[in-house]
Amino acid sequence: LVTITLLTDFGLKDGNVGVMKGVIWNIAPGAIIADLSHLISPQNVHEAAIVLNRSAPYFPDGSIHVVVVDPGVGTDRRPVAARLGPHFFVGPDNGVITLLLERVETGGSTTSFIHLDKPEFWLPDVSNVFHGRDIFAPVAGHLAAGISLLQLGAQITDIQRLHFPKPSQIDQGLRAEVIHIDHFGNISTNIYQEHLDPSALPVISLCGARIKGLVKTFGAQAPGTLIALFGSTGNLIVSVVNGNAAQKLGAKVGDIVEVKYS
Amino acid sequence: LVTITLLTDFGLKDGNVGVMKGVIWNIAPGAIIADLSHLISPQNVHEAAIVLNRSAPYFPDGSIHVVVVDPGVGTDRRPVAARLGPHFFVGPDNGVITLLLERVETGGSTTSFIHLDKPEFWLPDVSNVFHGRDIFAPVAGHLAAGISLLQLGAQITDIQRLHFPKPSQIDQGLRAEVIHIDHFGNISTNIYQEHLDPSALPVISLCGARIKGLVKTFGAQAPGTLIALFGSTGNLIVSVVNGNAAQKLGAKVGDIVEVKYS
Amino acid sequence: LVTITLLTDFGLKDGNVGVMKGVIWNIAPGAIIADLSHLISPQNVHEAAIVLNRSAPYFPDGSIHVVVVDPGVGTDRRPVAARLGPHFFVGPDNGVITLLLERVETGGSTTSFIHLDKPEFWLPDVSNVFHGRDIFAPVAGHLAAGISLLQLGAQITDIQRLHFPKPSQIDQGLRAEVIHIDHFGNISTNIYQEHLDPSALPVISLCGARIKGLVKTFGAQAPGTLIALFGSTGNLIVSVVNGNAAQKLGAKVGDIVEVKYS
């Protein structure tokens, strides 16, 4: 009972996500399919990489994650598939697996990468503009139906990786970045527990606001309060209790976040 | 073949809904899962209660409804599960089941309530901020996989209930409220057939507009006409034929609706 | 293992799509269901016809497509079902199948049409306002559970069709229309390869902009460039590389597109 997830920037109004499911079910009837997100900002491969990394590890071993955010469709960017520890990935070679790959490498699991160069596993007619339908959905279907990863194409090692900034040391603290704004307006940073001095009180500055100390959860303060805490993926996040921090602060991805100690 | 439904305020862009499905399928492989809505207004437990009540009864007996609108996550609000007649509920104890529970009690079906206090049915690491993933999805998975409700925790009787206003009698009529605005801009009130005098012509007033009499359906009048009728859940609704009544009238939840007879 | 697709203008916030799934699973437990789109513009049957036509052919033979964009619900518009070659359709008789039907007829496949006039295949209580739940979902469930199309009602031949404009010849070229704007802002026209002179360089004019020649895919030009190309469904589309052409040009469905040759 293989599980397939779909992660794209296709939106939900045009039927393109449904089409991918139809193609998969033609090859792997009844395959279990979950949508991760189809509201990735158009062409934003970094955002898709973050959503993939926070979602994929919660799926059963053997799950196939199809990620199609594909500004290079129809050019010479390669279609690829990969084994990332217990998970499979199918999509364009654009670095979207970077964070998940780093996690798997840190964990010591096996990885392998395939250039999808065998048209017999694609739809008969391949357009120049919709490889999610024409290449990636059929390949995921064949994987789900029992074709092995190595049958799908030639093995490669030079997989694309994206750059994700890491926090840097500054005088008496660190300088980091906003990496994601979620549906609630929570502002997620690239700061993890390991980056903070556990023996001192951190003061977080971003977008002209200053927050002293961390709380454990949203309900720990009165509605409307600006708070900092560790979010569900381990990142330091800045929130407004029952409110929208990104709107309140005008925060956006790439904004600078500084932590000092008082 | 157990069916699970998910109802949250998580939105659709961050992958959190997908994550819950992954967690469920790790425990109950292939469980059938339907999304009820993930566009509940942030922290709006009343809105979720209305959507749950209009949706859950249409699902097969034995369905498990996971409802996570959870401003109190990580505080001392209890995680709970319940049997509500033929249905199961899993989520924070915040009153979201109020309307469904009243319906089940009116129908004379059995109810029972459980405080989810057994961490062996949760993910090993429970965050302070995402119990949908860490507690409620795994509990739903275990229920779907055959664990009985009573095994999941201690029985309780003091379940939370929300207040939903009922129409009140006024001079020659009744005073009611807007309780929901749907995707089409239809304005739903807390008035049911039983509240109206069937022998008289009702005149409905809200937001400065007056509507005389009820029609049977949308297409009964010309496009653009403001009409009142009974909606698909039995509530009196105010609509604009092929238009958006809430936008036209500037209506919002909580606005006063008066019915008099002419 | 029958596949059912759902295509509506219900939006995603009120639970109505979930309700239809619950009704289906009561009759056909575990039926595989995919959402095509629920963000069709309210009452826009033409838009639904386009999405159905670009999506349905990619689903397995025997799939059942339930399309509910239904401004005439509760009036005397007929509920219908149809066999369209290898596919089934269930929904109001409003012409939404027009393009798919033309495709099937062109391909020479069998078609048949049924007036859904047997209430024993509906929910016991049929509202005047939500036939997606009360008639079409249960009929789809019965079809999926093995009831044959002909059992569902009386055969008819006078199925509704919508008018979709075709390009017309003008002096040294052709005059066409914008028929769809997708999630990315790509502008889709009713021009296909067969309408263009393959031996000449086309110049496309719309909304005050002029584009000389076609490219093969989005990545063929620099970001921000206005381009014309054949889209994933064979239509000529106008796009901005990594941008939103509809926003840039202020284009909307029905706008005139002219092609001349230079």
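This is a predicted model: local features need pLDDT of at least 70, side-chain atom pairs count only at pLDDT 80 or more; totals for chains, interfaces and linings use all residues.
**Symmetry**

Two superpositions describe how the copies are related. Chain A goes onto chain C by a turn of 120 degrees and a shift of 0.0 Å along the axis, with an RMSD of 0.0 Å. Of the contact residues of chain A, 4% recur in chain C, and the copies use different surfaces. For chain B and chain A, only 4% of the interface residues of chain B are also interface residues in chain A, so the copies meet through different surfaces.

| Superposition | Turn | Shift along the axis | RMSD |
|---|---|---|---|
| Chain A on chain C | 120 degrees | 0.0 Å | 0.0 Å |

**Confidence**

The model scores ipTM 0.97 and pTM 0.97. Chain A averages a pLDDT of 96, and 100% of its residues score at least 70.

**The sheet of chain A**

Chain A holds an open sheet of seven strands. The strand order is 2-1-3-5-4-6-7, and the pairing is mixed. Strand 2 (32-37) and strand 7 (154-156) are the edge strands; each has a single partner strand, so one side of each lacks a neighbour in the sheet. Neighbouring strands are turned by 25 degrees against each other on average, direction ignored.

Within this sheet, strand 4 (residues 79-84) and strand 6 (residues 111-115) of chain A pair in the antiparallel sense over five bridges. A:Leu84 stands opposite A:Thr111 of strand 6.

Helices from two chains pack on the sheet. Helix 4 (residues 131-144) of chain A touches strand 1 (3-8), strand 3 (64-68), strand 4 and strand 5 (87-92) of chain A. The direction of helix 4 makes about 175 degrees with that of strand 3. Helix 1 (residues 16-27) of chain B touches strand 1 and strand 2 of chain A. The direction of this chain B helix makes about 150 degrees with that of strand 2 of chain A.

**Helix 2 of chain A**

How many residues of helix 2 are buried? Helix 2 of chain A is mostly covered, with 10 of its 11 residues buried. Among them are A:Val45, A:Glu47, A:Ile50, A:Leu52 and A:Arg54. Within chain A, the buried residues pack against strand 1, strand 2, strand 3, helix 3 (98-106) and strand 9 (173-181). They also pack against helix 1 of chain B. At the start of helix 2, a side-chain oxygen of A:Asn44 comes within 3.4 Å of the backbone nitrogen of A:His46.

**A:His38**

The loop between strand 2 and helix 2 (45-55) of chain A contains A:His38. Is A:His38 buried or exposed? A:His38 has a relative accessible area of 3% and is therefore buried, the cut-off being under 20%.

Two polar contacts involve the side chain of A:His38. One joins the A:His38 side chain to that of A:Thr8, at 2.8 Å. The other is with the side chain of A:Asp35, at 2.7 Å. Leaving aside residues up to four places away in sequence, A:His38 touches residues including A:Leu6, A:Phe10, A:Leu12 and A:Val17.

Key
Residues are numbered from 1 along each chain as its sequence is written. Chains are lettered from A and ligands numbered from 1 in the order in which they are written. Side-chain values use heavy atoms; hydrogens and water are left out. Two strands pair if DSSP finds at least two bridges between them. Helices (H or I, at least four residues) and strands (E, at least two) are DSSP runs, numbered from the N terminus. Axes are lines fitted to C-alpha atoms, for helices over the stretch in contact, and angles run from 0 to 180 degrees between N-to-C directions. Contact means heavy atoms within 4.5 Å. pLDDT is the predictor's confidence in each residue, from 0 to 100. Buried means under 20% relative accessible area, exposed over 50%, partly exposed in between (1.4 Å probe, protein chains only). A polar contact is a pair of N or O atoms within 3.5 Å; within protein, one must be able to donate a hydrogen and the other to accept it, and residues adjacent in sequence count only if both atoms are side-chain atoms. Copies are superposed by least squares on the C-alpha atoms of residues with pLDDT of at least 70 in both.
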